[in-house]
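Please open the model in your viewer and keep the selection panel at hand.

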Amino acid sequence: MNIINLTRDYDEDFVHRVEEESGQNVSLCYQCGNCTAGCPYTFAYDIPVSQIMRLVQAGQKKTVLSSKSIWLCATCESCTTRCPNMIDVACVMDVLRHMARREGLAAVPQVKTFWDSFLDSVRAHGRVFELGLLINYVTKTGRFWTDMDLGPKILPKGKLAFKPHDIQGKEHVARIFERFERESNS
Amino acid sequence: MSEAIAYYPGCSGLGTSKEYDTSTRAVCAALGLSLVDIPDWSCCGSSPAHTKDHVLSAALAARNLQLVSDMGLKAAATPCPSCLTNLRTANHRCEAAPFKAKVDKLLDDPYAGGVNAVSVLQALTEMVGLDTVKSAVRTPLKGLKVACYYGCIMNRPPELMAFDDCENPMAMDNILAAMGAEVVPFPLKVECCGASYGIPRPDVVAKLSGKLLDAAVGVGADMVAVACPLCQMNLDLRQGQVNRAGGTNFRMPVPYFTQLMAVALNIADEEIGFSKLCVDPRPVLSKALAVAD
């Protein structure tokens with residue numbers, strides 16, 4: 001465990017922002033560890049979820065927003081379901097990655113790229129085009145070997161569409177993204 | 001009894017989970033539950049949207065909720081738990097006026113509110129009911145040992161999902177038991193399979209899905225019945241990756257629960273779609289049913 005100098009490093013504004021954006025009172029966390037005990041992703045995390053909560057309480061913005069854990073949380077809701085103090089922990093994790101994005105941080109860059117590729121697909125077609133999403137991800141990351149082994153398994157099943165299913169209202173969906181970007185920049 | 005509910009198939013229903021869509025439609029038709037397609041529905045945003053921004057996520061989902069409202073309906077059923085979560089979360093968050101105002105700002109048409117989304121599993125349980133399901137069985141699934149796997153978000157968090165038990169859900173077990181199957185107690189019913197990390201972090205999925213397959217073998221299941229397109233993909237399509245990563249040799253069929261229902265209801269093979277799965281459930285299924293005879 002690292003020693004934290006709270007007098008020097010406590011970022012009060014960060015704690016307030018997390019609480020405001022998540023609608024949660026993070027000071028209710030008394031470190032019982034139930035969230036970490038049930039979290040299936042602890043083995044892949046650099047910081048267990050209960051310690052993320054503690055670091056948020058301690059206003060450790062940089063450590064939290066630079067962590068890999070916030071990009072590896074699948075929002076499986078185990079922590080939220082089992083928290084004895086009714087903290088929506090998964091929502092806190094979600095809000096932390098929103099904040100990390102705004103700071104230009106993504107400690108597991110390929111996860112962010114995958115999610116962005118997904119949203120690009122929705123923006124372009126109104127619905128996700130699965131094959132296009134994979135190609136977009138591979139192009140952006142250069143990880144050309146991704147799921148190569150699955151091709152021979154899935155192609156004969158005849159269920160992977162080769163063309164997107166564009167919806168009539170795709171401009172409407174695109175406008176949702178445009179307005180979102182305008183609102184975020186204003 | 002024929003009640004109508006709007007139907008939201010979700011994007012994977014047009015692709016990697018086609019067989020979930022066709023078997024769902026066939027089963028609901030056979031049981032008198034009328035699914036009405038939502039015209040020009042769009043993606044709910046799924047996980048990528050809520051990990052980016054909650055207002056954006058709610059707006060993508062609310063466009064569809066408003067389409068349901070325009071149909072004069074108050075409820076929609078979806079087979080996909082991820083769509084379900086997003087649709088329910090959007091409706092729930094929009095009950096707060098300041099949040100809804102932000103969502104409406106992103107939409108062409110404001111969301112009128114009050115559209116309830118339920119899973120197909122919930123619609124079958126509550127709108128059709130176990131008695132009707134039971135009396136419609138033509139080929140009982142006798143002798144088939146099934147582990148019912150619900151996935152992580154079908155019932156969680158309970159305050160939002162408001163259906164079944166969040167730690168030990170039973171709706172799928174009850175339906176498949178009503179169809180004659182022997183449902184085995186499965187301790188990892190709600191554990192996460194690795195979700196959408198299959199592409200960016202296949203090592204994570206291999207580990208978590210491997211645990212589930214190992215547990216299913218451990219409880220003596222012939223197959224794992226699922227209710228989520230992503231769980232199905234991780235456990236079935238990625239089963240080879242799981243085996244390579246863990247040095248295991250699983251060959252576990254992972255059908256959708258609606259496909260098993262369709263077998264019991266004597267629905268046509270094309271609509272059941274077993275040929276779309278990687279590990280073919282048919283050999284195990286015919287063996288189990290033959291032994292029971």
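Which residues of helix H4 (residues 49-57) of chain A are buried? Before selecting them, note that this is a predicted model, in which local features need pLDDT of at least 70, side-chain atom pairs count only at pLDDT 80 or more, and totals for chains, interfaces and linings use all residues. Residues are numbered from 1 along each chain as its sequence is written, while chains are lettered from A and ligands numbered from 1 in the order in which they are written.

Now select A:Val49, A:Ser50, A:Ile52, A:Met53 and A:Val56, which are the buried residues of H4(A) (buried means that 20 or more other C-beta atoms, placed from the backbone, lie within 10 Å of the residue's own; helices, H or I, of at least four residues and strands, E, of at least two are DSSP runs, numbered from the N terminus). Looking down the axis of H4(A), you will find these residues within an arc of 155°, so they line one face of the helix (the arc is that of the directions from the helix axis to the C-beta atoms). Just after this helix, A:Gly59 has a positive phi of about 65°.

Next, select strands E1 (residues 4-7) and E2 (residues 34-37) of chain B, which pair in the parallel sense over four bridges (pairing requires that DSSP finds at least two bridges between the strands). Within this pairing, B:Ile5 has B:Leu35 of E2(B) as its bridge partner.

Note on methods:
Buried ≥ 20, exposed ≤ 12 C-beta atoms within 10 Å, placed from the backbone.
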